[in-house]
Amino acid sequence: MDAAAPGADPTRPRPPDDSYLTALRVGTERAARTATPLHSPYAGAPEDVRAAAEAAVEAAADHLLALSHDLHAHPEEGFAEHRSVRAVQTLLAGHDVAADVDVFGLPTALRAVVSNGAGPTVAVLAEYDALPGIGHGCGHNVICAAAVGAFLGLASALRAGSVTGTVVLLGTPAEEGGGGKEFMARAGAFAGVDAVVMLHPFSYDVAIQPFLGRRQVRATYTGVAAHAAAQPFMGRNALDAVVAGYTGIAMLRQHVPDSDRVHGIIVDGGQRPNIVPERAVAEYYVRSAAPETLTDLCERVEVILRAAAATTGCGVELEWDAQPAYLPIRANVELAARWTEHQARRGRVSLPPGVVPESLAGSTDLGNVSVRVPSIHPMVALADPTESLHTSGFATAAGGPRGDAAVLDGAVGLALTALDVLADPELLTAVRREFDAAGGVLDVAGFLG
């Protein structure tokens, strides 16, 4: 609809045209019809062990869905998820599992462990933070309940003596910008862990979907205040510096790879129109698909922001990563193939890489874990393809029937994938071999400088 058309409300924004999303959906559906799902040549856990773990998840279904609904009804933002983490602790206690809260230096982090002799260690990760205003518009209530369900299924197998090894449930606060997993990693949460599994809700079932690395930069410009009418020539306009930087970054976008993203806001633009602003602040997120390209993009952004200061005669201070940076996910294909096969038993076709457009990507602190430990972060569909993450519509879906199905299907998929790692030494060897070939353990702090 043209905003200037007769009858249009000039006070309202023009609705975005969704024809591009529609074309993406049609193209994705066409590609999905001929796509070959990932296949694993490894045996994994025996079928009777898998079936028992799946049955344990189903037996806990009422408790898992109640947890998902409870978190959905009481959303809490990052590092403030006190009610949520206590709800997880209480559910685990009801299943005879003790969980520690306030671990790894984070009051809303959680750790629970079940072990049966020597063997591999697998960590299942739970997120439970929500977004301001729209609650669980990213579906972390589903992530949490599915992770708890997977942990209970694995605990049942370990307690029955079906497999040996250790399973750890880690509640990881503040994924939505706070970087809880990075803080936990620095505190040793993943020491001795052989594999990490978690899932994320989405509008498609996908075994591997790229997630971009993300760094943050805050540019604080300092100018000289002056009367904007009587003596503007005596001022140096910090807002002009912000605008020059913003414009420069807009020009940069034409000359970066399609996977790169830079987006920002003006945090402080001055106090009154009749005062030349002596202070102005902008904040940007810088995203890219690989650690190396992220570094290059950040360098280019910094040049522009500093040039804006020089152009306007202002000073500038750049603060990078006041919160931890997020690295791109390094997905482990061997683990993702096991997930794919286990989702098939739940009636889901988990698409291989390259089917769902890679442009549909955000960022997550699981990336920081995935370069330390072999990891997967598959996507589970609970909304229509035109429904975006971080919207009220997605939040509604996360608390509805499709969200419930994602909890149980996801819990089974995570449990059986982790069970395969515990039970099949050849699979674990292949997982480690792939991880090493991709670069092995990355010194995250050293890489980011």
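Reply: Happy to! Bear in mind that this is a predicted model.

Me: Why is S40 called buried?

Reply: Buried means under 20% relative accessible area. S40 has a relative accessible area of 4%, so S40 is buried.

Me: What makes the pair S40 and R338 a polar contact?

Reply: The cut-off for such a pair of N or O atoms is within 3.5 Å. The side chains of S40 and R338 come to 3.1 Å, so the pair counts as a polar contact.

Me: Which residues does S40 touch, leaving out those up to four places away in sequence?

Reply: S40 touches A337, R338 and E341.

Me: How many disulfides are there?

Reply: A disulfide needs two cysteine sulfur atoms within 2.5 Å, and by this rule the count comes to 0.

Me: How do you know that C144 is in no disulfide?

Reply: The nearest cysteine sulfur, that of C138, is 14 Å away from C144, and the limit is 2.5 Å, so C144 is in no disulfide.

Me: What makes C144 and C314 buried?

Reply: The limit is again under 20%. C144 has a relative accessible area of 0%, so C144 is buried. C314 has a relative accessible area of 10%, so C314 is buried too.

Me: Where is the "Peptidase M20 dimerisation" domain?

Reply: UniProt lists it at residues 216–309, in an unreviewed entry. Over residues 216–309, the chain is 36% helix and 27% strand, and the end C-alpha atoms are 19 Å apart.

Technical notes
Residues are numbered from 1 along each chain as its sequence is written. This is a predicted model: local features need pLDDT of at least 70, side-chain atom pairs count only at pLDDT 80 or more; totals for chains, interfaces and linings use all residues. Side-chain values use heavy atoms; hydrogens and water are left out. UniProt positions are given in the numbering used here, feature names are shortened, and annotations may be inferred rather than shown by experiment. Helices (H or I, at least four residues) and strands (E, at least two) are DSSP runs, numbered from the N terminus. Buried means under 20% relative accessible area, exposed over 50%, partly exposed in between (1.4 Å probe, protein chains only). A polar contact is a pair of N or O atoms within 3.5 Å; within protein, one must be able to donate a hydrogen and the other to accept it, and residues adjacent in sequence count only if both atoms are side-chain atoms. Contact means heavy atoms within 4.5 Å.
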